[in-house]
Amino acid sequence: MTKIRRTSRTARVLLPAAVAGVLLSGCAQAEPAPAAASGGTATGAPSPSASTVTVTPPPSTGPASAPKAGTLLVSDFGSDTVTFVDPVRGATGSVKVGTAPYGLVLGKDGRAWVATAEGVAVVDTATRERLALVPYRTDTGPVTTGEYRGGGMGIALSPDGKRVYVGVNVPGGNGTLEVIDTASAKVVDAVGVGRRPFDVDVSRDGSAVYATNHDSFDVTVVDAGSLDTRRVEVAPYGTEGGLGSWLKPHYTAVRPSDGKLLLPFEGERLAVVDPATGRVSVEEMTADTHQHGATVTPDGTLYAVGTGPIDPSEDRGPSLTVRSAAGVERVYPLDGPHEDVAVSKDGRTAYVTGGFTRDGYWDGISVVDLDSGEVERLPAGSRPLGVVVFP
């Protein structure tokens with residue numbers, strides 16, 4: 001059993017408003033935040049541009065073709081677009097998709113599926129146009145923007161490409177997992193999950209779907225065939241703070257070797273969930289920072305985004321943790337909050353989006369050379385959250 005270092009986080013579950021207002025990061029509240037909290041900038045953090053310009057793709061000069069390998073696609077929470085990004089030159093074009101896009105996933109057929117507040121946008125990445133906007137079956141109320149907006153959050157594609165699964169947030173209540181048939185681009189099923197489904201993942205064989213629910217401290221395990229559900233509580237710090245807690249799950253990565261779910265918490269604890277049994281074990285992490293985005297590469301290496309401290313007097317700043325399958329970690333410091341991460345095919349470069357769901361976001365990507373540790377900041381879209389790399 002791994003020894004977990006003691007922490008005072010359990011005594012800091014609920015934070016006074018006067019203190020929370022000056023912190024870099026955290027996801028404490030479940031109700032809509034004031035306008036300043038949703039769109040403002042944290043003290044000392046880079047300010048978003050007051051006049052963000054959406055890059056327009058150049059006129060077509062020949063037959064449409066898929067973006068070249070290594071191109072990035074990011075969802076622009078701040079400008080209702082997705083942006084194509086050359087990892088060296090920066091943004092090369094954008095497509096309007098819908099209000100406040102969050103997660104996105106790329107199919108083998110070149111279509112991207114983007115979770116927005118209005119519905120799931122279907123984008124042809126070769127022609128750079130939106131083909132459809134699939135409305136949600138779930139009533140999420142008026143279409144809004146900001147951290148607590150209703151609509152799609154996490155999104156995933158089945159291994160055979162026939163189904164898209166999107167976690168739909170319902171402000172003030174439990175969310176749903178909606179199932180989209182990719183051939184017809186229509187919602188064909190929906191099932192209840194927990195509150196604010198930040199992330200959605202699928203097992204390698206496609207038999208199970210996992211909705212990571214931020215505000216209910218759990219993962220909903222959904223049978224992809226029957227849509228039967230099981231709740232697995234994932235709360236290595238406990239649930240004492242309820243909706244006011246900052247110590248909740250955010251993103252999940254499915255470990256290739258055994259299908260277990262990896263959920264990083266606070267740069268201190270890695271919750272390892274066996275979705276078949278519901279058992280949760282906890283391993284030590286070392287970054288000591290509030291963590292959001294996570295992904296895992298085929299060799300089992302975990303990448304976890306540190307957004308910054310809950311309490312600057314005790315916690316460390318933003319970072320990217322790279323954790324080997326054996327549990328050995330390397331922590332790369334970053335400048336300012338970040339949200340999600342993708343990795344190049346050769347495993348040598350990580351791309352970390354600067355959008356961030358709370359204050360302090362910036363309009364770009366940190367490009368991390370995983371060999372040298374050098375970090376370059378690349379302008380890319382407006383408040384980019386989700387990111388994928390074209391194979």
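User: At 36% relative accessibility, how does Arg377 count: buried, exposed or partly exposed?

Analyst: Buried means under 20% relative accessible area, exposed means over 50%, and partly exposed lies in between, with a 1.4 Å probe and protein chains only. Arg377 therefore counts as partly exposed at 36%. This is a predicted model, in which local features need pLDDT of at least 70, side-chain atom pairs count only at pLDDT 80 or more, and totals for chains, interfaces and linings use all residues. Residues are numbered from 1 along each chain as its sequence is written, and side-chain values use heavy atoms, with hydrogens and water left out.

User: Which side chain does Arg377 meet in a salt bridge?

Analyst: A salt bridge is a side-chain nitrogen of Lys or Arg within 4 Å of a carboxyl oxygen of Asp or Glu. Here Arg377 meets Asp335, at 3.7 Å from N to O. The two residues are 42 apart: Arg377 lies in strand β27 (residues 375-379), and Asp335 in the loop between β23 (329-333) and β24 (341-343). Strands (E, at least two residues) are DSSP runs, numbered from the N terminus. Asp335, at 48% relative accessibility, is partly exposed.

User: How many salt bridges does a search of the whole structure find?

Analyst: The search finds 15. One of them joins Arg163 to Asp181, whose closest N and O atoms are 2.7 Å apart. Because Arg163 lies in β9 (residues 163-169) and Asp181 in β10 (residues 176-181), this pair ties together parts that are 18 residues apart in sequence. Asp181 is buried at 16%, whereas Arg163 is partly exposed at 30%.

User: How many bridges join strand β14 to strand β15?

Analyst: Two strands pair if DSSP finds at least two bridges between them. Five bridges join β14 (residues 218-223) to β15 (residues 229-233), and the strands run antiparallel. Val222 has Thr229 in β15 as its bridge partner. The two strands form a hairpin with five residues between them, and Leu227 in the turn has a positive phi of about 65°.

User: What is the strand order in the open sheet of four strands?

Analyst: The order is β4-β5-β6-β7, with antiparallel pairing. β4 (104-106) and β7 (129-135) are the edges, each with a single partner strand, so one side of each is left without a neighbour in the sheet. Three bridges join β4 to β5 (residues 111-115); Leu104 has Val114 as its bridge partner in β5.
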